[in-house]
Amino acid sequence: MDYSLAALKLFCCQLKDARQISSSPPSMTLHGIRFQRAWCQGVVVSGPDEGIFLLDDGSGVVELSLQAEFMTLGWKSGMYIMVVGLYVAGDPPQIKVHKVVDLSAYPDRESLWHMEVIEAYNLFYSTEAEC
């Protein structure tokens, strides 16, 4: 993984527009921005009881592929989490998580996240991206 490429703050709905490009190491592009890792936040809607981890941010759903070290976090549906990891295109899209933070205790987390993504696009990314 190329850690010199920033993890893009994204809504789940934006992941479907990312395209694989031939590069070394392999990476994706979204509206002209090259990346490998996605940074998403949302509600866990499916967890260990269902056998698949799904994150819903209100715009779409992404599957989470978790390393063994994250399986001890006390996962519950309804948790609000932040994840960063390698993006893998598919249906549903998947993030191979290398960082996860439980943000459930922070009441303004969801509205702040939407503002962070919008601000990142206005300051650093293309303004033509929509869900």
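Predicted model: local features only at pLDDT ≥ 70, side-chain atom pairs only at ≥ 80, totals over all residues.
Trp75 has a relative accessible area of 9%, so I noted it as buried, the cut-off being under 20%.

Next I checked its partner. Phe53 comes out at 8% relative accessibility and is therefore buried. I found that Phe53 and Trp75 form an aromatic pair, with 5.2 Å from centre to centre and 65 degrees between the planes. That makes the pair edge-to-face.

How many aromatic pairs does the structure hold? I count three on record here, and I followed up one more of them, Trp39 with Trp113. Their ring centres are 6.1 Å apart and their planes meet at 25 degrees, so I wrote this pair down as stacked. Trp39 belongs to strand S5 (residues 37-46) and Trp113 to helix H2 (residues 109-123), so the pair ties together parts that lie 74 residues apart in sequence.

Are these two tryptophans buried or exposed? Trp113 is buried, at 1% relative accessible area, whereas Trp39 counts as partly exposed at 26%.

Last, I looked at what else lies by the Trp39 ring. I found Lys9 over the face of Trp39, at 4.7 Å from the ring centre. So my page for Trp39 now has two entries, because the ring is stacked with Trp113 and Lys9 lies over its face.

How values were computed: Residues numbered from 1 in each chain as written. Heavy atoms only, no water. Phe/Tyr/Trp six-rings, centres within 6.5 Å; stacked < 30°, edge-to-face > 60°. Helix = DSSP H or I, 4+ residues; strand = E, 2+ residues; numbered from the N terminus. Buried < 20%, exposed > 50% of the residue type's maximum accessible area, 1.4 Å probe, protein only. Lys NZ or Arg CZ within 6 Å of the ring centre and 35° of its normal.
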